[in-house]
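Please look over the sequence and the model shown here before reading on. The report that follows takes up a few places in turn.

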Amino acid sequence: MTLQHQYRPINPRLGTHYAVFASTIASLVLILAMLEQLGTRKLWLSHIMIISPMILYAGVAIMTRTLNVHEFFSAGRRVPAVFGGLSLAVTAIGGVGFFALTGCLYLIGYDAFALALGWAAGFAVCAILFTPFLRKSGAYTLPGFFRQRFDSRVIGAVAALLLLPPVLMLLAAEIRIGAFVTSLFVSISFELAVVIGATLVAAIAVLGGMRSVSWTQCVLYIVIIGTFLVPVTILSLEVTNLPLPQLTYGGLFERLSAQELSIGATQAGPVTIEAALPGERPEPALKPFMAPFGALSQSDFILLLFCFTAGTAAMPSLLMRSGTAPSVFESRRVIGWGIIFFGLFLISAPAYAAFTKFITLQQIASALPGQMPDWIAGLRDAGLADFSDRNGDGKFDASEMLVSRDGVTLALPIIAGYPFIFAVMVAAGGISATLAASIAHALAAGTAIGEDLICGLVYRSPTAAKRLLFSRLGIIATGAGVAWLVAVVDFDILPSVAWAMSLAASTFLPGLSLSIWWPRFNIWGLLAAMIAGFGVTAGYIFLTKFSGSEPWFGLSHLLAATFGVPAGFAAGVGVTYLTPEPKPAVRAIGDEIRDPSGETIYDRVVRLSIAADAASDPN
């Protein structure tokens, strides 16, 4: 009997439960829309629309709380592939995808596809190279996999330490954008929104670990994708007579190009990647939407795509999902469903950006001189845009239409003239996206601290109570530390995400690839690969961004993985050849991991341990 079979089977009514959740959210939006038409104050509407889903998410987390180690770390390996794919997709989308990616597509058009394609390609690489083998290992965390693979608690602790910087960067970015949007629609300060957001993130992760995170994320995906698609689908129906924006926005390109030409948006040629990628503050969309390499050069486009591909494939927050699948085969299906659900967002984001730009320029072009649309003042007051006729010619040109990268998603329902509740609904979806990614990152960081650092080093055979206690304390410490950082440090989320992707790629992609696929690889090679990859990437970022050193070959610090990943592979291979071959027992573990058949390695060890304890107990 496998360990998995000792737990209750998968609930056959999961689909019904989530249909009820979806109906609840849809009913809430409809009721609030009717209340708006009856004259209810907008402040009340925004508070109810933002807070009510958060109460629902907290309720799901409470219902899925657990004191069982196997449930806490892997959801009992009972998450079906479809629901695992939902969780995987929302972890990847996050607030960065919901707001920043859509804004980048609006401002630099085609060139922002480097980010989207990198995310999608990372899923494919992960599915082919890593996911089924991590599931066969059965380790709860990425450092735990390394500890099991090389039978070393020290290597697991080192991996846990190196895991923290990229994961905490992503967590900080998500909490920051979530707090910013919350402070726009709820009458609280940014700092208080940070504290509340971090508290909710920690509470969901602490209550049930991976179990709470997995089932809460499924609800979150429904809210995220629904709130994202509703306004752009309605606009597509109005403009093209078809409610399929993913398929119809191509028909706008000819008219959109003419609009861009009329306001002076022309192909100016590529600039440095720091100047090309939009920042937080409003800036003009000077590049035509479909002009290739008008902001990024071809080499920067390819290297940025590589960094996001490698970073996504090696991101610990995503790799942990493999352990929740019922079997090795199901773990591949999890990635497949994740690509489908994430792909739905990725093909919708360009449509969202294109329709937003089209409706914006259409309304500007049709307005009489001195009688510009009312929404311009509203977006300016919120800090989401700044349209000003600076040269006094009575019209706007491209350089005078400044749009905030993170405000594009919120701006569409406002510009299109939809009821106020639509804008709040989109905001609620974006906040949900930040929450979905944040709980995954907080869980990854907290369990690395508790399971791999404290229990892995201090206790040789920690009890279940200690493992849960220290992991929960790690999650709480992670949430508190990141909340303090976000509240006191001003930073832009997109460079932080790019650095996190480079650090994750350089630290873990070489070592993880060689650990699975090269039998000769040993513990010293893994240690060298992780330290060299992390050191080169972190050092390059520090030298070129903060110390004023000249970039190597003219490559930005945002592309640091270009140097870190090869350095990790070179160090791993070189040190492995210079040190003794691994012991036969370590080789045998690697061979078994590559064999998809048979029982999960970790679960077998636990099962045999339970059986031995039962046999030794005279009672």
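Which residues form a nonpolar patch on the surface?

## A patch on the surface

Ile31, Met34, Leu35 and Leu38 form this nonpolar patch, and together they have about 410 Å² of accessible area. Accessible areas come from the Shrake-Rupley method with a 1.4 Å probe, and for residues only the protein chains shown count as cover. Patches are made of residues with over 30% relative accessible area and no salt bridge, where like charges are joined within 9 Å and nonpolar side chains (Val, Leu, Ile, Met, Phe, Trp, Tyr) within 5 Å; a salt bridge is a side-chain nitrogen of Lys or Arg within 4 Å of a carboxyl oxygen of Asp or Glu.

The model is predicted, so local features need pLDDT of at least 70 and side-chain atom pairs count only at pLDDT 80 or more, while totals for chains, interfaces and linings use all residues. Residues are numbered from 1 along each chain as its sequence is written, and side-chain values use heavy atoms, with hydrogens and water left out.

Ile31 is partly exposed, because its relative accessible area is 46%, and the classes are buried (under 20%), exposed (over 50%) and partly exposed in between, with a 1.4 Å probe and protein chains only.

## A buried threonine in a loop

Thr66 has its place in the loop between α2 (42–63) and α3 (69–74), and it counts as buried because its relative accessibility is 10%. A polar atom of the Thr66 side chain lies 3.0 Å from the backbone nitrogen of Asn68.

## A buried lysine in a helix

Lys357 is found in helix α16 (residues 328–366) and is buried, with a relative accessible area of 3%. Its side chain joins that of Glu260 in a polar contact of 2.9 Å, a term for a pair of N or O atoms within 3.5 Å in which, within protein, one must be able to donate a hydrogen and the other to accept it, and residues adjacent in sequence count only if both atoms are side-chain atoms. The side chain of Lys357 also reaches the backbone oxygen of Lys287 at 3.4 Å.

## A sheet of strands

An open sheet of 3 strands has the order β1-β3-β2, with antiparallel pairing. β1 (283–284) and β2 (385–387) stand at the edges with a single partner strand each, so one side of each has no neighbour in the sheet. Two strands pair if DSSP finds at least two bridges between them, and 2 bridges join β1 to the antiparallel strand β3 (residues 401–403).

Note on methods
Helices (H or I, at least four residues) and strands (E, at least two) are DSSP runs, numbered from the N terminus.
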